[in-house]
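Please look at the sequence and the fold below, then read on.

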Amino acid sequence: MERRDKMIRVLGIETSCDETAASVVALRDGEKPEILSSVVLSQIEEHAAFGGVVPEIAARAHVEALDGIIEAALADSGATLADVDAIAATAGPGLVGGLIVGLMTAKAIASAAGKPLLAINHLEGHALTARLTDGLDFPYLLLLVSGGHTQIVLVRGVGDYQRWATTIDDALGEAFDKTAKMLGLPYPGGPNVERVARDGDPSRFAFPRPMKGSAQPDFSFAGLKTAVRQAATAAAPLSDRDVADICASFQSAVSDALADRVARSLARFRGEFPGIAAPALIVAGGVAANRQIRAALKGQCARNGFRFIAPPLELCTDNAAMIAWAGIERIRAGLGGGDAFAFVPRSRWPLDEVSAPVVGSGRRGAKA
Ligand code: KG4
Ligand code: ZN
């Protein structure tokens, strides 16, 4: 790692939710980074019967799959463990059972192979992905919209993040999943709501646009979820048309509200970085797969003179390439040190430790 001309290869491990993933990413000085392998095993089938991720089932599935996934990632990359310069594992935030499986496995491999270990914040993986895919320069804005997170983060540098907005109640993916469940659509809800919404009338139900027009930059989706429940109850028994119309109306409300909320942070970025000619907003998280949401964000970016960058879908959703890449970024930035072997997984681990939890957070605290 000291020799500047040497290639850095990092093995990444990701187990924070319901994907078991491993990847090898390489960086040769002066060249573009290269994803040598990226293996992702989704547990969707294990959890589908329960309508959501069951933590105990997830942890057990990670235990069963992880060794094989790591072996496959190494084999696909053409590298052996001996060729790898460091091991980077997600250490939080997420479901603690899965985090323990991933981090303990990484500790065992790193100590057996005599390799440095990096404990990576999963959100940092999402935050730095645009540099892996697009070589984006700092600073830029990240909108992370997944099942567990809805936030806007200013990415100023490696390890230098400032959360500008977050949800004060549900995460957006969670709102999609709960809406799907109420309407009897299968898990995971997001893709099914989007599919059904295609045939629906988005103007039939006038759902609220939570916080639209508010000077506060945060997000809220709980009220929208309640409005969906009321509409579904009032229209019951639901025909296919009713379900499609509710989905279309919900998706429109969400797209509209999201675009409005994002505009606050775009304006703030403009004010704080007036010298940046072509600022960028990047999106990450499963919800970023939604076409109507992408279009709404793209339009809002265009109106505000921002570039809209959406990494390829397989790098928007959970994967280990982003964890390996965060490891490389940390090594390059001289932040690779610290005793990762003593690191205890953290179910809650905000990227920006300084930002206080928001008011009105849910029972389990803000979804930071
Ligand atoms: O990033 P992700 O794969 O996992 C984490 O939550 O970390 O995101 C999954 C979330 C789920 O809530 C799922 O319903 C949502 O992303 N999602 C979508 C779509 N595809 C996945 N939501 C809306 N539209 C989609 N097409
Ligand atoms: Zn994620």
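The model is predicted.

**The two sheets**

Strands of a sheet pair through backbone hydrogen bonds, in either the parallel or the antiparallel sense. One open sheet here is made of five strands in the order β3-β2-β1-β4-β5, with mixed pairing. From one strand to the next, the twist averages 20 degrees.

Another open sheet of five strands runs in the order β8-β7-β6-β9-β10, and its pairing is also mixed. Here β8 (160–166) and β10 (307–309) form the edges, each pairing on one side only. The twist of this sheet averages 25 degrees from strand to strand.

| Strand pair | Bridges | Sense |
|---|---|---|
| β2 (residues 19–27) and β3 | eight | antiparallel |
| β6 (residues 140–145) and β7 (residues 150–157) | six | antiparallel |

Within these pairs, V24 stands opposite S37 in β3, and Y140 stands opposite V155 in β7.

**Helix α4**

Which strands does helix α4 lie across? In one sheet, α4 lies across β1 (8–14), β2, β3, β4 (86–92) and β5, at about 95 degrees to β5. In the other, helix α4 (residues 122–134) lies across β6, β7, β8, β9 (280–284) and β10, and runs at about 125 degrees to β6.

**The zinc site**

Which residues supply the protein donors of the zinc ion (ligand 2)? They are H122 and H126, each through NE2, and D318 through OD, and they lie 2.1 Å from the ion. Along the chain these donors follow the spacing H-x3-H-x191-D. H122, in helix α4, and D318, in the loop between α10 (313–316) and α11 (321–332), are 196 residues apart, and the pair links distant parts of the chain.

**The second largest pocket**

The second largest pocket has a volume of about 280 Å³. Its lining consists of 20 residues, and those nearest the centre are A119, N121, E124, R330 and W349. Which strand gives the most to this lining? Strand β5 (residues 117–121) does, with five residues. Sorted by class, the lining holds eleven nonpolar, five polar and four charged residues.

How values were computed:
Residues are numbered from 1 along each chain as its sequence is written. Chains are lettered from A and ligands numbered from 1 in the order in which they are written. This is a predicted model: local features need pLDDT of at least 70, side-chain atom pairs count only at pLDDT 80 or more; totals for chains, interfaces and linings use all residues. Side-chain values use heavy atoms; hydrogens and water are left out. Two strands pair if DSSP finds at least two bridges between them. Helices (H or I, at least four residues) and strands (E, at least two) are DSSP runs, numbered from the N terminus. Axes are lines fitted to C-alpha atoms, for helices over the stretch in contact, and angles run from 0 to 180 degrees between N-to-C directions. Contact means heavy atoms within 4.5 Å. On a 1 Å grid over the protein atoms alone, a cavity is a set of points where a 1.4 Å probe fits but cannot get out, and a pocket is an open set with protein on both sides within 12 Å along at least five of seven lines; lining residues have an atom within 4 Å of a point. Grid points are joined across faces, edges and corners, and a volume is the space filled by probe spheres set on the points. Ala, Val, Leu, Ile, Met, Phe, Trp, Tyr, Cys and Pro count as nonpolar, Asp, Glu, Lys and Arg as charged, and the others, Gly among them, as polar. Donors are N, O and S atoms within 2.8 Å of the metal (3.2 Å for Na, K and Ca); water is not among the atoms, so sites may look incomplete.
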